[in-house]
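User: I would like to go through the terms used for this model and see what each one rests on.

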Amino acid sequence: MNFADLPLPPPLLAALDARGYDTPTGVQAAVLDARCAGRDLLVSSQTGSGKTIAFGAALAGSLLEGAAPGAKVPHSSTPLALVIVPTRELAVQVREELHWLLHGTGLRLASFTGGTPVGGDLKVLARGVELVIGTPGRLVDLLRRERLALSGLRVVVLDEADEMLDLGFREDLETLLQAAPTERRTLLLSATLPPDIRALARRYQRDALPIDPRKLGGDERGPRGGAHDDITHRAHLIAPGDRTAAVVNVLRAGAGDRAIVFCTTREGVAAMHIELVKRGFAATAISGDRAQAERDRALEQLRRGDAQVLVATNVAARGLHLPDVDLIVHADLPLNADSLIHRSGRTGRAGRKGTAVVLATLAERRKAERLLAAAHVTATWTPAPSAAAIATAARERLADEILAGEPGRADDELQARLLARLGAPEIISRLLARELLRLPAGEPLRAVEVPREPAERHPGPRPPRARGDFNRGAVTFRVNLGGKDNADPRWLLPLICRRGGITRREVGAIRIGPQETQFEIAGEAARDFELAARERDPRALHVTIQRADAAHAPAPAPAPREHKPKRPGPVAGGGWGRYQGKRKPGKGR
């Protein structure tokens with residue numbers, strides 16, 4: 001089957017053809033089948049199976065239904081379609097993928113995520129946008145500001161729904177779905193379908209058609225396969241703020257290797273490229289915003305050997321044919337298992353061996369292990385190469401090169417003059433000192449404690465934990481946010497999960513006090529959580545998390561405005577809790 005055999009609008013067929021897509025993956029063929037047209041869909045499909053193209057084409061089909069061939073979606077004063085995703089990184093990837101796919105439809109699209117100034121989002125909404133992509137917290141914030149109108153929605157997509165529930169976004173999802181028209185079309189996509197996902201589907205979908213490409217006999221990943229034996233995978237734990245230094249050290253340790261460094265965003269590619277060039281690397285870069293001529297020139301530099309390192313985004317690197325790449329560095333975590341396989345598969349080609357390196361902070365470690373497990377990849381966690389180790393290796397290479405080198409023809413007159421003044425040992429010492437100064441130097445890295453046990457052995461959903469089981473061994477932590485900050489479990493729970501690299505299943509009771517909030521973490525996750533949470537988040541430097549029995553951290557700088565104290569309210573524990581009392585507006589996290 002080809003895309004041309006599916007009922008797709010002409011602008012989408014043209015966009016797919018221009019990108020070289022001709023054969024749909026299993027999930028794309030299933031979702032875009034004629035029998036699914038206009039239906040609510042409950043799609044069970046692994047991450048990275050081509051879902052973005054599937055739901056992008058499906059929502060475009062709904063918005064163009066009944067239009068003449070070649071017609072575009074008219075501009076609207078309010079959004080017509082909404083795509084909800086769990087993370088900023090996934091929002092960026094979805095936006096970039098849908099941008100080229102839907103370019104010919106006339107749809108104006110934009111992404112809205114936490115951690116960015118809300119003023120820019122308000123300006124975009126004021127100009128008008130038909131397709132909104134965003135994370136739950138920021139979308140609810142815009143909704144409560146009455147700047148995001150959902151009354152005109154015709155299609156809603158929930159992508160990675162299981163991860164959104166794991167991160168504690170259930171209330172935000174319900175708020176958004178309740179604000180959308182009941183007659184909308186709803187597409188719910190999830191790698192797994194646990195009971196809470198099925199309950200969400202029953203409540204907010206209308207006679208949803210279940211889609212599971214594996215049960216239809218298709219290969220949901222299409223022509224792409226899994227990881228193969230010619231690639232060695234390594235995983236390094238790094239301290240927050242050391243990502244660029246760790247990339248430099250990995251590249252230095254693989255001296256002479258031709259490498260690709262993957263970043264999630266175009267901005268990340270530009271920043272990483274600048275830093276590598278500053279440190280003397282022959283580096284080039286490609287990303288989705290670069291002209292085709294620039295991309296071709298960058299690839300040709302790598303093929304000729306004029307460049308040693310290519311910095312790229314996932315989308316820009318799709319379909320690259322670079323058979324001589326020795327090293328892949330995942331500077332930013334891949335968004336899903338298929339992305340991990342796709343990135344790593346740029347090495348180990350044509351019978352050559354290759355190495356793929358994953359970098360993750362303690363807060364990212366659990367997600368990284370789930371990705372590795374889902375991709376059937378085994379990797380041992382170690383610290384990134386240190387500056388001392390790189391210096392030692394460089395000296396060893398220099399010695400090997402000298403000892404293995406061919407005898408050279410000396411300048412007899414110069415040799416005699418030097419020997420007459422210095423002697424052979426001193427000459428050797430000075431020449432070696434000069435060569436050692438030319439060797440590449442590593443970057444200093446902060447020490448990171450590598451936990452002995454894996455953070456998560458099983459990537460799949462965990463069985464429900466009884467409340468009594470949770471209490472045994474649970475550890476109480478505190479965060480310096482309380483009633484004075486209008487603290488609310490609706491946004492506290494995702495903050496705790498992201499900061500500690502855990503899911504809502506490891507979070508127990510949340511008790512909000514006037515000055516701080518105390519919460520429980522399951523015993524088996526407490527140690528890793530403590531290590532990850534002690535690192536400050538650059539987006540919220542004033543927020544500190546520590547064990548409840550630890551000495552209080554120094555008080556953060558006072559807030560720029562005063563908050564009225566709020567009477568503390570208890571929260572029922574066991575998984576994610578609900579605030580017992582009047583709910584306050586969220587913080588847009």
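**Strands, helices and cores**

Analyst: This is a predicted model. Ala285 stands opposite Val311 in strand S11.

User: What makes S10 and S11 a pair?

Analyst: Pairing requires at least two bridges between the strands. Strand S10 (residues 283-286) and S11 are joined by 4 bridges, in the parallel sense, so they count as a pair.

User: How do you know that S9 pairs with S11?

Analyst: The test is again at least two bridges. Strand S9 (residues 259-262) runs parallel to S11, with 4 bridges between them, so S9 and S11 pair. Val261 is the residue opposite Val311 here.

User: Which way do the residues of S11 point?

Analyst: In S11 (residues 309-312), Val309 and Val311 point one way, while Leu310 and Ala312 point the other way. All are buried, which means under 20% relative accessible area.

User: Why are H20 and H21 called roughly perpendicular?

Analyst: The label covers angles of 65 to 115 degrees. The axes of H20 (residues 489-500) and H21 (residues 523-533) cross at roughly 90° and come within 7 Å, so the two helices are roughly perpendicular to each other.

User: Which residues meet where H20 and H21 touch?

Analyst: Ile496, Arg499 and Gly500 in H20 meet Phe529, Ala532 and Ala533 in H21. By class, this contact has 4 nonpolar, 1 polar and 1 charged residues.

User: Which residues touch the most other members of the largest nonpolar core?

Analyst: They are Ile84, Leu158, Phe519, Ile521 and Phe529, in a core of 57 residues. Helix H20 supplies the largest share of this core, 6 residues. Another core, of 45 residues, lies apart from it and includes Leu41 and Val73.

Note on methods
Residues numbered from 1 in each chain as written. Predicted model: local features only at pLDDT ≥ 70, side-chain atom pairs only at ≥ 80, totals over all residues. Heavy atoms only, no water. Core = buried A, V, L, I, M, F, W, Y, C linked by side-chain atoms within 4.5 Å. Buried < 20%, exposed > 50% of the residue type's maximum accessible area, 1.4 Å probe, protein only. Axes fitted to C-alpha atoms, helices over the stretch in contact; angles between N-to-C directions. Parallel < 35°, antiparallel > 145°, perpendicular 65-115°, else oblique. Contact = heavy atoms within 4.5 Å. Nonpolar A, V, L, I, M, F, W, Y, C, P; charged D, E, K, R; others polar.
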